[in-house]
Amino acid sequence: MLAATAAPPPDGLIKDTTTAAFRQDVIAESMKQPVLVDFWAPWCGPCKQLTPVIEKAVRAAGGKVKLVKMNIDQHPQIAGQLGVQSIPAVYAFDQGQPVDGFMGALPESQVQAFIDRVAGPGVAANAGAELLAEAAALAEAGDAPGAAELYGAVLAEEPDNVAAIAALAKLHLDLGDVEGARRVADMAPPAAKDPALAGIRAAIELAEQAASLGDLGDLERKVAADPDDHQARFDLALGLNGRNDREAAADQLLTIVRKDRTWQEDGARKQLVQFFEAWGPMDPATIAGRKRLSSILFA
């Protein structure tokens, strides 16, 4: 990838950003059009392969999207909050929220398809986006049947619409239909790399784990009797998350990390990262949990 000191292109579609400027460059700008955030580092070979491909595609989109590049060596905080595990990683922000993404140096055709999906190639895509927005509003208002009907309408026209698949799967999961949620999530293309889809799959797995635990009273009594019973504490965290008590669930896992980082080959930290993925990068519990985890790991 080009060095961070390179002069920005005059069209204003592509720029470098910093942690301090992220809110303006990405969150605020994404209220006007989607903004792609490319997380990279100077030592990353695949990053250098992706740069000319994604810059060409962004310019070809004619202003439908903007590209913001963030050097994670110089600015690691945002990548950490989003749970970026490898680079290059590209996240698409729209209306202030991460809505899509991919990892790795994809070929030009796949990058173009990604931008088309995010920005919308035309009227049909805009209509699909409007249906998704309407469905999300219905779901927020508690009209699950109405939302499901609209998600189904989108999928009837675009069977591989990952955003609709992830949203419909979440709708099933929110209603307690874990099996239905997994069936819907399995409709996604095998190669799909989407933050929302990854998050709902993680949430489904956690819900299945929590369902197998039964009454949490026994686990709470075990932890009270022996604070070093890490397995009981770990299972309690899963159960608390199943009840959507996110802060308490994170607290149990953070306690294990603080007491014994090596337990189950760093199992508590790994489970906490899966919680973050399921909750979403901008969830308050994720942000607070990441800060607490960092304070423990780097104290």
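## Close-up views of a predicted model

Ser30 is buried, with a relative accessible area of 0%; here buried means under 20% relative accessible area, exposed over 50% and partly exposed in between, using a 1.4 Å probe and protein chains only. Before we go on, this is a predicted model, in which local features need pLDDT of at least 70 and side-chain atom pairs count only at pLDDT 80 or more, while totals for chains, interfaces and linings use all residues. Residues are numbered from 1 along each chain as its sequence is written, and side-chain values use heavy atoms, with hydrogens and water left out.

**View 1. Ser30 and its surroundings.** Ser30 sits in the loop between α1 (22-28) and β2 (35-40). Helices (H or I, at least four residues) and strands (E, at least two) are DSSP runs, numbered from the N terminus. Setting aside neighbours within four places in sequence, Ser30 is in contact with Val35, Phe93, Asp94, Gln95 and Gly96, where contact means heavy atoms within 4.5 Å.

**View 2. The open sheet.** Here 5 strands form an open sheet in the order β1-β3-β2-β4-β5, with mixed pairing. The edge strands are β1 (14-16) and β5, each of which pairs on one side only. From one strand to the next, the twist averages 25°. Two strands pair if DSSP finds at least two bridges between them. For angles, axes are lines fitted to C-alpha atoms, for helices over the stretch in contact, and the values run from 0 to 180 degrees between N-to-C directions. Helix α4 (residues 108-119) lies across β2, β4 and β5, running at about 170° to β5.

**View 3. Strand β2 and its two partners.** In β2, 6 of its 6 residues are buried. Both faces are covered: Val35, Val37 and Phe39 are buried on one side, and Leu36, Asp38 and Trp40 are buried on the other. β2 runs parallel to strand β3 (residues 66-71), and 6 bridges join the two; the bridge partner of Leu36 in β3 is Leu67. With β4, β2 runs antiparallel, and 5 bridges join them. On that side, Val35 has Phe93 in β4 as its bridge partner, and Asp38 has Val90. β2, helix α2 (residues 45-60) and β3 together make a right-handed β-α-β unit. A crossover is right-handed if, with the strands pointing away from the viewer, the path from the first strand over the helix to the second runs clockwise.

**View 4. The hairpin of β4 and β5.** β4 and strand β5 (residues 97-103) run antiparallel and are joined by 6 bridges. Val90 stands opposite Phe102 in β5. The hairpin has 2 residues between the strands, and Gln95 takes a positive phi near 55° there.

**View 5. Aromatic pairs.** A pair of aromatic rings is described by the distance of the centres and the angle of the planes. Rings of Phe, Tyr and Trp (its six-membered ring) pair if their centres lie within 6.5 Å; planes under 30 degrees apart count as stacked, over 60 as edge-to-face and the rest as tilted. A search of the whole structure finds 6 aromatic pairs. One of them is the edge-to-face pair of Phe22 and Phe93, at 5.7 Å centre to centre with 80° between the planes. This pair links distant parts of the chain, with Phe22 in helix α1 and Phe93 in strand β4 (residues 89-94), 71 residues apart. Phe22 is buried at a relative accessible area of 5%, and Phe93 counts as buried at 0%. Phe276 and Trp279 also form an edge-to-face pair, 6.1 Å centre to centre and 65° between the planes. Both lie in helix α13 (residues 267-279), 3 residues apart, or about one turn of the helix. Phe276 is buried at 1% relative accessible area, and Trp279 counts as buried at 8%. Ring pairs link Phe275, Phe276 and Trp279 into a cluster.

**View 6. The disulfide.** A disulfide is a pair of cysteine sulfur atoms within 2.5 Å, and by this rule the count comes to 1. The link joins Cys44 to Cys47, with S to S 2.4 Å. With 85° about the S-S bond, the link of Cys44 and Cys47 is right-handed. Both Cys44 and Cys47 are buried.

**View 7. Ala202 in helix α9.** Ala202 lies in helix α9 (residues 195-211) and is buried, with a relative accessible area of 5%. Beyond neighbours within four places in sequence, Ala202 is in contact with Gln274, Glu277 and Ala278. Ala202 and Ala192 are 10 residues apart in sequence and 15 Å apart in space, C-alpha to C-alpha.
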